[in-house]
Amino acid sequence: MKKLLLSILALILVLSLVACSQQTAANNQDSTTTENTDENVVDQTTASPTPQPTIQIGTRKNPVPLGDSLIGSLQIAGSPLCNFEMSITSTTRGKEAWTIIEDANMFNDEPTDDHEYILVKVRVKNLQDLSGADDSLDINKYDFDLATSSDSISDNQPSIVLPSPELDFKLYEGSEDEGYIAFMVEKSDKNPKAVFVDNFWFLLQ
């Protein structure tokens with residue numbers, strides 16, 4: 001009788017231990033589920049990066065690369081004139097530029113020791129007349145200024161005879177042409193730029 005009672009007690013103890021073990025496992029599973037749920041919430045609420053604004057090409061902060069084209073609009077005395085397309089198709093600098101400029105006119109001034117010429121070929125097209133009166137786009141070298149690497153602007157054009165064809169055109173709607181302009185730059189200036197009518201910036205390197 002005592003053996004039977006002890007066996008029954010032992011069975012009850014085993015069942016109790018099994019029940020406790022199952023409860024502990026269930027609690028651990030609930031805890032894992034809660035942690036996974038919290039991670040999902042964090043993932044869902046992660047903020048997306050804010051897109052950066054695009055800087056318009058042809059501005060001081062984003063000059064037109066050499067060889068690329070810019071399309072813009074021009075006004076005259078506050079009235080619309082035309083839409084135009086412009087590109088700097090080539091540049092020549094240093095001794096090679098001076099050779100071409102000297103050949104254009106033997107009386108052209110040689111650059112000083114710390115300066116050199118940069119010869120620039122510009123292509124322009126009058127895309128669309130906006131004047132309503134078929135006005136032409138009159139363009140020449142004096143419409144351009146030189147900007148240094150530090151964006152200091154100078155309108156001091158070298159007094160030289162330019163190689164042919166010089167940039168000096170009257171362009172009506174649909175017409176296009178190209179010609180040379182020139183600047184005198186410091187030899188140490190590695191990133192000069194051309195500025196057209198104070199608004200449109202072009203890289204020269």
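Trainee: How many residues does the largest nonpolar core have?

Mentor: In soluble globular proteins, nonpolar side chains tend to be buried together. A nonpolar core is a set of buried Ala, Val, Leu, Ile, Met, Phe, Trp, Tyr and Cys residues joined through side-chain atoms within 4.5 Å; buried means under 20% relative accessible area, exposed over 50%, partly exposed in between (1.4 Å probe, protein chains only). Here the largest core has 27 residues, and F84, M86, V122, F144, F183 and F196 have the most contacts inside it. Strand β2 (residues 79-93) gives the most to this core, namely five residues. A second, separate core of nine residues includes A97, W98, I101 and L162.

This is a predicted model: local features need pLDDT of at least 70, side-chain atom pairs count only at pLDDT 80 or more, and totals for chains, interfaces and linings use all residues. Residues are numbered from 1 along each chain as its sequence is written, and side-chain values use heavy atoms, with hydrogens and water left out.

Trainee: In which order do the strands of the open sheet stand?

Mentor: Strands are DSSP runs (E, at least two residues), numbered from the N terminus, and two of them pair if DSSP finds at least two bridges between them. The four strands are ordered β1-β2-β3-β8, with antiparallel pairing. At the edges, β1 (69-76) and β8 (176-186) each pair on one side only. Eight bridges join β1 and β2, and Q75 stands opposite P80 in β2.

Trainee: Is P163 buried or exposed?

Mentor: P163 is buried, since its relative accessible area is 7%. This residue is found in the loop between β6 (153-154) and β7 (168-171). Leaving aside neighbours within four places in sequence, P163 is in contact (heavy atoms within 4.5 Å) with I100, A104, L119 and Y180.
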